[in-house]
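Please look at the sequence and the structure side by side, and follow the strands one after another. The paragraphs below take up the strands in turn and then turn to a single residue.

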Amino acid sequence: MARDPKIAIVGVGPVGGVLGAHLARAGHYVVLCDIQKPHLDAIKRRGLSITGSVELLGPCERVAYGIDELSRFPAVDTVVIATKASALPLIVPEIQKIARPRMQFVSCQNGLDNEEFLAETFGPDKVLRIIVNYAGSQMGDGNIHMAFFNPPNYIGAMTTEGEPLARRLAGMMSEAELETRFTRRVKKHEWEKVILNAALSAMCALTRKPMKDMMDFEQTAFLAGELMREGIEVAEAGGVKLEEGFLEHGIDYLNKAGYHRTSMHQDILRRLPTEIDWLNGRIVERGRALGLQTPYHLAITTLIKGIEIKSGAPDEH
């Protein structure tokens, strides 16, 4: 039997924190890496609490207060990237500095084509992609609330060279109570997740409302459906065959989302960079390359980027 990988998780927010807590509780070697010093201090001192799932992971000594500190953990052979997709251009050069010849890299993020971005630096044989179907929020230092999990997650590799690790990670995650399936069609699942995220994430950020409010209001629910239609058209025009009836399934899925604040909504409230370029913006880019118009996604993308720009107006006193 192949030995279990030794994992570093870069980004200990909701996605990385939930994954790290489950794997560590199951007895796997995990290093938690983040730049949030108070958050890691709390995890090191008293553990990581995941309400709604793992009640408490005990005190954790394997923490790194930055990617450069991962060099202190030579056993690590697998780096799982669970940061915002918008951070990729900043962190990939830092990961490259600590990378070793046999190290493999896993994108565990929202967004489209994240794995291709990683492959430009590390090569496709060394890159995997996880599509997570859980979400949550960081509720202070050392605390994450897991809002929901709609199993399974999916994991795939870019080439056959990465498949053994993908299969082993799927088994480890499932054994750790995060049901995950290996797939050779990870791009299909990636597109489906992006289409669902792009339907509501930016809209909730623009309106400052949770998902249920958007799906309960006729006009915004209609817009969510049109955003899904555009995303499906672009995916299928690019050769990605989605599940039969995916539009109806997706709308039903969004209707069950509850009063969850999307990550982009939280980013806007905290004045942090959003993942708009990796979600709605990527659908616009793919559509243009295929000669397709995506007016709803273009409008949504433009409005979010308008929020993100620094105003030239003088400060009010």
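Which residue in β7 is the bridge partner of Val106? In this predicted model, the partner that stands across from Val106 is Leu128 of β7. That bridge belongs to the pairing of strand β6, which covers residues 104-107, with β7, and the two strands run in the parallel sense, joined over three bridges.

How the residues of β7 are placed deserves a separate look. In a regular strand the side chains alternate between the two faces of the sheet. In β7, Val127, Arg129 and Ile131 point one way, whereas Leu128 and Ile130 point the other way, and all of them are buried. Because five of the five residues of β7 (residues 127-131) are buried, the strand is largely enclosed by the rest of the structure.

An open sheet of three strands has the order β3-β9-β8, and its pairing is mixed. Its edge strands are β3, at residues 49-51, and β8, at residues 134-138, each of which pairs on one side only. From one strand to the next, the twist averages 30 degrees. Between β8 and strand β9, which spans residues 143-149, there are five bridges, and these two strands run antiparallel; in β9, Phe148 is the residue that stands opposite Ala135. Helix α1, formed by residues 14-25, lies across β3, β8 and β9, and runs at about 105 degrees to β8.

Is Ser137 buried or exposed? Its relative accessible area is 15%, and because buried means under 20%, Ser137 counts as buried. Once its neighbours within four places in sequence are left aside, Ser137 is in contact with Pro14, Asn143, Ile144, His145, His260 and Gln266. Of these contacts, Pro14 falls within the residues 14-25 that make up helix α1, while Asn143, Ile144 and His145 fall within the residues 143-149 of strand β9.

Technical notes
Residues are numbered from 1 along each chain as its sequence is written. This is a predicted model: local features need pLDDT of at least 70, side-chain atom pairs count only at pLDDT 80 or more; totals for chains, interfaces and linings use all residues. Side-chain values use heavy atoms; hydrogens and water are left out. Two strands pair if DSSP finds at least two bridges between them. Helices (H or I, at least four residues) and strands (E, at least two) are DSSP runs, numbered from the N terminus. Axes are lines fitted to C-alpha atoms, for helices over the stretch in contact, and angles run from 0 to 180 degrees between N-to-C directions. Contact means heavy atoms within 4.5 Å. Buried means under 20% relative accessible area, exposed over 50%, partly exposed in between (1.4 Å probe, protein chains only).
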